[in-house]
Amino acid sequence: MANYTGKNPFKIPRPIRTPGGFNVEILAGGKVLTYQDSQHQALDPGGSHRNVAMPAAGAREGHWFWIANTANGAENLVLQQPDASTGLATLNQNEAALVFCLADGAAAHATGWSLFAIFTIAIS
């Protein structure tokens with residue numbers, strides 16, 4: 001289990017901006033996330049259920065993604081481990097998930113990523 005060191009906290013005295021930190025996309029097929037992708041993903045499955053695989057080799061402990069299903073119909077996003085076959089979560093229309101990496105160096109297999117929670121959201 002991870003713990004903080006007890007050292008004085010790092011303080012940020014101004015707002016944080018993350019250019020490129022938010023992706024809005026209509027999918028035409030499955031999506032494989034990488035560590036270069038935005039950590040906030042607003043994904044519309046584009047008319048069909050779509051698979052979204054987490055990043056593979058070189059997983060970084062503490063990395064996370066907030067993934068929202070912005071479908072305008074009954075279309076699911078199926079979140080998967082890096083092996084693209086082991087399920088992590090299924091997001092229905094108007095749901096979002098917070099997923100995070102638990103282990104450094106997770107290869108392309110069914111380990112490394114965990115689901116924190118699925119949230120019901122209102123898309124505007």
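This is a predicted model: local features need pLDDT of at least 70, side-chain atom pairs count only at pLDDT 80 or more; totals for chains, interfaces and linings use all residues.
The protein has 124 residues, of which 36% count as buried. Its secondary structure comprises 9 strands and 0 helices. From the N terminus, the order of elements is therefore β-β-β-β-β-β-β-β-β. Of the contacts between residues at least 6 apart in sequence, 56% join residues at least 24 apart. The accessible surface is about 7,700 Å², and carbon and sulfur atoms account for 54% of it.

The mean for the protein is 88. A value of 70 or more is reached by 90% of the residues. Among the elements, strand β3 (residues 40-44) has the highest mean, 98. Strand β9 (residues 113-120) has the lowest, 93.

The largest nonpolar core contains 17 residues. Val52, Met54, Ile67, Leu79, Val99 and Trp113 have the most contacts inside it. At least two residues of this core come from each of β5 (64-69), β6 (77-80), β7 (87-91) and β8 (95-101). Leu79 illustrates the packing. Leaving aside residues up to four places away in sequence, Leu79 touches Val52, Met54, Ile67, Gly87, Leu88, Ala89, Leu91, Ala97 and Val99. In soluble globular proteins, nonpolar side chains tend to be buried together.

Asp83 was examined next. This residue lies in the loop between β6 and β7. Asp83 counts as partly exposed because its relative accessibility is 26%, between the cut-offs of 20% and 50%. Its side chain makes a polar contact of 2.6 Å with the side chain of Thr86. The C-alpha atoms of Asp83 and Ala56 are 7.5 Å apart, although 27 residues separate the two along the chain.

How values were computed. Residues are numbered from 1 along each chain as its sequence is written. Side-chain values use heavy atoms; hydrogens and water are left out. A nonpolar core is a set of buried Ala, Val, Leu, Ile, Met, Phe, Trp, Tyr and Cys residues joined through side-chain atoms within 4.5 Å. Buried means under 20% relative accessible area, exposed over 50%, partly exposed in between (1.4 Å probe, protein chains only). Helices (H or I, at least four residues) and strands (E, at least two) are DSSP runs, numbered from the N terminus. Contact means heavy atoms within 4.5 Å. pLDDT is the predictor's confidence in each residue, from 0 to 100. A polar contact is a pair of N or O atoms within 3.5 Å; within protein, one must be able to donate a hydrogen and the other to accept it, and residues adjacent in sequence count only if both atoms are side-chain atoms. Accessible areas come from the Shrake-Rupley method with a 1.4 Å probe; for residues, only the protein chains shown count as cover.
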